[in-house]
Amino acid sequence: MKQKKICVIVPVYNCESWIDDCLRSITTQTYQDIIIVLVNDGSKDHSLNKCKEWASIDTRIVVIDKPNGGVSTARNAGIDKAIQLQTDYIAFVDADDWIAPNMYEEMLALIDRENADLCICGRTRECKGKSITYPDKGYQVFLNGRLDMRNLSNQYDINISCNKLYPIKLFAEGLRFPIDIQFGEDLVFEVEVLKRTDIIAYVSIGYYHYRDNQDSVSYNMSRKKLQDAIITNTKLYHYMKEKKCNLTIPFDFAFGAYVRAYNSGGVKCKFYLEYLKFFFKEILVCSKHLKCWIFLLCPYLYNKLKK
């Protein structure tokens, strides 16, 4: 049987300090039938030179150099290349992160065993020199795209793209990352992935090592990013509701996005009015939660009680 080829796409932007660790972890995978596409997204440091150095010593590495357009455009460029190279699967790794040596071997084996359309693994948080792991939930298989977030090792395992192994057919059908979203583009993408999958295999082992960088874009929230967070989290909520999944976590994600936007300062009135629309549109669910009523009637009181 022909061995399946995985294309690992790495968006690269000003990461010369970390990219060696990242690429070392990918090139030394126990599963060796991989192609690594490095997409330099207009880096201003020596990242591009690092990419070229790695490509000169490992023929599996392809380098794409493009003007800066953001992580979604970089990933999309990598996807186009993977389709051109006719690989079987696509994976993503951020250039400041790294992966366990057996990550792709184990995930591919799980896909084959369960005849799955998608495989998701757990994550390990790397923060200030410490590795933070999450509860072991073992192996899970979700059918008909009905993913229960309560059974994940970490509820955010669904939110990112780098802890998953995707069949190339998803992208051959035109699936791409949204380029108009500044925050939560992964979650919008993942909802679209879930819509196109039937059998989802999950392993809670933290194969993907995520570097928790407090200075990253995830911690700097502009008004546009706060608005995007509302859009992306309500998309997840509506998908889970449509699929008749348990709504405990998706609802908390959506509600929390409205609260964070309101509390960020600036246009409180705008975000409060958006919450009003959400509350009355989803009144059958919202009315069951005391926190929703309190925030509706008096956001100040809600914040005081939460403290």
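User: What makes Asp228 and Lys224 a salt bridge?

Analyst: This is a predicted model, and in it the side chains of Asp228 and Lys224 meet at 2.8 Å, N to O. The cut-off is a Lys or Arg nitrogen within 4 Å of an Asp or Glu carboxyl oxygen, so the pair at 2.8 Å qualifies as a salt bridge. Asp228 and Lys224 are 4 residues apart in helix 7, which means that about one helical turn separates them. An α-helix has 3.6 residues a turn, so residues three or four places apart point the same way.

User: Why is Asp228 called buried, and why is Lys224 called partly exposed?

Analyst: Buried means under 20% relative accessible area, and partly exposed lies between that and over 50%. Asp228 has a relative accessible area of 2%, so Asp228 is buried. Lys224 has 34%, so Lys224 is partly exposed.

User: What makes Lys241 and Glu282 a salt bridge, and which parts does the pair tie together?

Analyst: The side chains of Lys241 and Glu282 meet at 2.6 Å, N to O. That value is within 4 Å, so the pair counts as a salt bridge. Lys241 lies in helix 7 and Glu282 in the loop between helix 9 and helix 10 (283–286), so the pair ties together parts 41 residues apart in sequence. Lys241, at 37% relative accessibility, is partly exposed, whereas Glu282, at 4%, is buried.

User: How many salt bridges does the structure hold, and where does the pair of Lys5 and Asp33 lie?

Analyst: The structure holds 19 salt bridges. One of them joins the side chains of Lys5 and Asp33 at 2.5 Å, N to O. This pair links distant parts of the chain, 28 residues apart: Lys5 is in the segment before strand 1 (6–12), and Asp33 is in the loop between helix 1 (19–27) and strand 2. Lys5 has 25% relative accessibility and is therefore partly exposed.

User: What makes Val37 a buried residue, and which residues does Val37 touch?

Analyst: The relative accessible area of Val37 is 0%, which is under 20%, so Val37 is buried. Val37 is placed in strand 2 (residues 34–41). Not counting residues up to four places away in sequence, Val37 touches Cys7, Val8, Ile9, Val10, Val62, Ile64, Gly78 and Lys81. Val37 and Phe92 are 55 residues apart in sequence, with their C-alpha atoms 9.6 Å apart in space.

User: Which residues have the most contacts inside the largest nonpolar core?

Analyst: The largest nonpolar core has 76 residues, and those with the most contacts inside it are Ile6, Val10, Ile26, Tyr104, Leu147 and Leu165. A second, separate core of 22 residues includes Phe251, Ala257, Cys292 and Leu296. Leaving aside neighbours within four places in sequence, Val10 is in contact with residues including Cys22, Ile26, Val37 and Val93.

User: Which residues make the nonpolar surface patch of about 330 Å²?

Analyst: Phe280, Ile283 and Leu284 make this patch. Phe280 is found in helix 9 (residues 268–281).

Notes:
Residues are numbered from 1 along each chain as its sequence is written. This is a predicted model: local features need pLDDT of at least 70, side-chain atom pairs count only at pLDDT 80 or more; totals for chains, interfaces and linings use all residues. Side-chain values use heavy atoms; hydrogens and water are left out. A nonpolar core is a set of buried Ala, Val, Leu, Ile, Met, Phe, Trp, Tyr and Cys residues joined through side-chain atoms within 4.5 Å. Buried means under 20% relative accessible area, exposed over 50%, partly exposed in between (1.4 Å probe, protein chains only). Contact means heavy atoms within 4.5 Å. Helices (H or I, at least four residues) and strands (E, at least two) are DSSP runs, numbered from the N terminus. Patches are made of residues with over 30% relative accessible area and no salt bridge: like charges are joined within 9 Å, nonpolar side chains (Val, Leu, Ile, Met, Phe, Trp, Tyr) within 5 Å. Accessible areas come from the Shrake-Rupley method with a 1.4 Å probe; for residues, only the protein chains shown count as cover.
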